[in-house]
Each structure stands twice: as C-alpha cells, then as structure tokens.
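Dear colleague,

Please find below the structure I promised to pass on. My notes on it come after the model, and I would be glad if you read them beside the coordinates.

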Amino acid sequence: MPFPPPDSPVAPPPPLGMVRVARRILQVEDLFSETCRRDCYCLKCQRAFCSHCCGFHHGHTNWGGDMVVRVGLDAAGGHPVFPTHTAGGGHRIPRPIAEEIAAEDYTSRLARDAFCLHCGRAFCAAVCSHHHHDHSSEGIPADAAVLRVEERGGRICVRCAGTEWWAPHMDVALGDPVHVGEDERGQYYELLPVLRFERGSCLRCGGAVPRLPSTFCSDLCNQAHHRETEERRRRREARHAALASGAVQQQLRQLSISS
C-alpha cells in the first residue's frame, strides 16, 4: 500500500485562527444531514448550480444585471418551475436560452461531501468543483483547503492521507481511523471521524459548560482531552512511520530484483 510523499510544493499554511474556527464549525454545526440540488442557472456561465454550494461564484455584477435565474419546484409533483424573465432586469428569456435552462437537472438530490476550511461551508464537490479557486488569491493553494468528507457507520469522517498541511492542526477534532484504504491512485488514506459535540456542552463528557464559548466543563476534562489528543497524535505518527518504512523497504526490494 503506497504511502504518498509530502505534498509539493509546500505552501505556508493559512492563519491558524481560520483553522480553529473551521474545525469548531465542523464539530458543532449540522452540516451534512441536508442535501443540495441545482436550483439556479447562470446565464453568463451557462450552467446550472446549487445556490448553497457555489452561489457566490455567480454574482456577475460587472455585467450590469442579475445573471442568475432561480428554478423552483412545484408543490404537487416536485417538478421544476422555470421563470420566463430574469430576476434583476426583468428581461424576457429568449427561447433558445430557456431550452438550455430546461435541459439541466434540477431535481436530483446531491450529498454534501466536502468541507472548506476557509469559509466553513459544506458543499457538493461534484457541483462545486471550482470552489477552491475563490480562495487561491488569499495565500491558499488551489484545493488545499478543501476536506473530503464521507459517512462511515453513521459518523461523518474526513479523508486524510496524513501528508496534508492541515492534518496536525485538525487532529484535535478528529478521532482514530474507522477505515483505511487506497484511493483511485493507489495511495493510502484514512477515514477519521469528526469528534462532534453540542454547543454549550463539554467536548469530552457532554456535561454543561460553565460559560460560552468554553468547550469543557472543568480543567479535568480539558486536561484529559489534551492527553487523549496527544495519544492519538502519537498513534498516527507511528502508523505513518511504519507505512513510510514499509514503502521504502518495498522500493529497495524492487531495485534489488531489477538489478
């Protein structure tokens, strides 16, 4: 099972304050129970999109009008309801464009399977594959702030190879792996469950916290949580060291066979 090399080039991480806010959102907010659907069409980009996932990508104000057409669903059968005029300028939509709008899929439910550390938003990666481009101008390399999310055994999990820049900053919010495997490129990954808790309750024991924004009910729980986090970190480092050592040994064996 190949273990991937460290990401290259290595970019400086975003401010840690941003990561702390994002991981708190991931732990507390109910982000993934709802699904999305394509509920809009952008006249400029000529594509349907989900207003939750990437609505802010299509605010083309420099074009002098509202370029977004909203598509609702009727109450009777859940069929798309197509407007005949644009929302902003009130212009009638030409028939060829109306046909293009109607050809898109507005009814399929889309699972939210990604999370952006920069904006703290869960979204559907298939619909909003260009999500990360909005943040590349702020010192975050393309796609580096987007976490891949899966459900495993009823728990929300983050897919992690162990070499991502955010891994050591997110481990306080992620548990031990519930699954390990290989991705489509044959590289090792782990599914790490999100350690969720309710706002106003202790992250470790679930008891009431004395005041917000505290996350622990007592110093005892706080200290125990940090010990447990450090133990998970040591286990993770040991796993990855063993994988890296095994990959090196395999490469050496292949070299000896070929020579």
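This is a predicted model: local features need pLDDT of at least 70, side-chain atom pairs count only at pLDDT 80 or more; totals for chains, interfaces and linings use all residues.

Residues are numbered from 1 along each chain as its sequence is written, and side-chain values use heavy atoms, with hydrogens and water left out.

The structure holds 1 aromatic pair (ring centres of Phe, Tyr or the six-membered ring of Trp within 6.5 Å; planes under 30 degrees apart are stacked, over 60 edge-to-face, the rest tilted). Phe 82 and Tyr 106 form this pair, which is edge-to-face, at 5.7 Å centre to centre and with 70° between the planes. The two residues are 24 residues apart, with Phe 82 in the loop between strand S6 (80–81) and helix H3 (95–102), and Tyr 106 in the loop between H3 and strand S7 (110–111); helices (H or I, at least four residues) and strands (E, at least two) are DSSP runs, numbered from the N terminus. Phe 82 is partly exposed, with a relative accessible area of 35%, whereas Tyr 106 is buried, at 1% (buried is under 20%, exposed over 50%, partly exposed in between, with a 1.4 Å probe and protein chains only).

As for the sheet, 3 strands form an open, antiparallel one in the order S3-S2-S4, where two strands pair if DSSP finds at least two bridges between them. Its edge strands are S3 (47–49) and S4 (68–70), each pairing on one side only. Strand S2 (residues 40–42) is joined to S4 by 3 bridges, and Cys 42 stands opposite Val 68 in S4.

Best regards
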